[in-house]
Amino acid sequence: MVDLTLQQVTDNVQRVRERMALAALRAHRQPEDILLCAASKARSSQQVRQAAQTMIDLFGENRMQEMRAHFRDGAYLDKPCHFIGQLQTNKVRQVVGQAAMIHSVGSLRLLNAIAKEAAKQRISQPVLIQINLGQEDSKAGIAEAELRPVLEAAAQLPQVVVRGLMAIPPPTPTGEQARPYFARLRALMEQARGWQLQGLQLDTLSMGMSDSFEAAILEGATLVRVGRDIFGERT
Ligand SMILES: *Cc1c(COP(=O)(O)O)cnc(C)c1O
């Protein structure tokens with residue numbers, strides 16, 4: 001894989017930003033209400049450092065080891081880093097307190113493990129609950145029906161703050177065809193707000209990737225996770 005130059009990454013981010021703004025405009029939304037997360041899995045610290053100098057808002061990491069390496073190298077500069085990949089319970093210690101938000105909480109077991117580690121560190125960890133919208137066996141996330149009990153449990157855990165929902169819809173031939181999934185995630189969040197549970201702060205909808213972020217913005221995404229359209233294809 002050939003690393004892009006700083007100029008190429010800057011141009012790519014500029015184009016993504018323009019497409020985000022157009023989608024926001026179509027949805028009668030403010031572009032500044034939508035965060036651009038650079039999904040940096042499998043990228044070098046050098047590539048990450050270049051992206052950190054562009055108009056992205058934050059980074060999203062899938063792998064704990066890569067996140068640690070990029071922190072160690074100072075590659076994020078002043079940008080926050082979120083954890084967006086599958087997280088094993090035994091790796092929680094290295095992610096809690098490092099990631100400004102954990103997007104991929106797909107079980108009560110993981111939520112409890114995060115709360116326990118956050119208590120040890122005497123911090124409060126922002127998280128998103130991942131929903132398995134397509135009910136795919138292969139995908140992480142809780143079933144829609146589990147959302148209420150999971151949020152009720154979260155409301156009892158002062159060491160975690162649930163900030164919203166995240167999903168990776170099943171693959172569709174075009175991003176546009178993922179819109180019903182995004183609409184569903186937004187409807188779920190509105191439903192969850194209606195439950196008026198204490199201690200939650202439901203303001204973040206993390207949905208949409210390179211092929212689908214415009215569709216996600218049209219359906220209410222507040223954070224899109226873009227990898228290939230910023231860094232180029234992964235090998
Ligand atoms: C890789 C990844 C992305 C970005 O996907 P692209 O198609 O490269 O834009 C977004 N979210 C998650 C959870 C990912 O693993």
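Here is a short talk about the ligand and the pockets.

Guide: This is a predicted model, where local features need pLDDT of at least 70 and side-chain atom pairs count only at pLDDT 80 or more, while totals for chains, interfaces and linings use all residues. Residues are numbered from 1 along each chain as its sequence is written, and side-chain values use heavy atoms, with hydrogens and water left out.

Visitor: Which residues surround the ligand?
Guide: A residue is near a molecule if one of its heavy atoms lies within 4 Å of it. Here the residues around the ligand include Ala39, Lys41, Asn62, Ser210, Gly227 and Arg234.

Visitor: Which side-chain atom of Ser210 lies 2.5 Å from an oxygen atom of the ligand?
Guide: A polar contact is a pair of N or O atoms within 3.5 Å. For Ser210, a polar side-chain atom lies 2.5 Å from a ligand oxygen. Arg234 also uses its side chain, with an N or O atom 2.8 Å from an oxygen atom of the ligand. In Gly227, a backbone N or O atom lies 2.8 Å from a ligand oxygen.

Visitor: How much of the ligand does the protein bury?
Guide: Accessible areas come from the Shrake-Rupley method with a 1.4 Å probe. Alone, the ligand exposes 380 Å², and the protein buries 93% of that.

Visitor: Which pocket does the ligand take up?
Guide: On a 1 Å grid over the protein atoms alone, a pocket is an open set of points where a 1.4 Å probe fits, with protein on both sides within 12 Å along at least five of seven lines; lining residues have an atom within 4 Å of a point. The ligand takes the space of the largest pocket, whose volume is about 340 Å³. This pocket has 19 lining residues, and Lys41, Asn62, Ile84, Ile168 and Met209 lie nearest its centre.

Note on methods. A polar contact is a pair of N or O atoms within 3.5 Å; within protein, one must be able to donate a hydrogen and the other to accept it, and residues adjacent in sequence count only if both atoms are side-chain atoms. A molecule sits in a cavity or pocket if more than half of its atoms lie within 2 Å of its grid points. Grid points are joined across faces, edges and corners, and a volume is the space filled by probe spheres set on the points.
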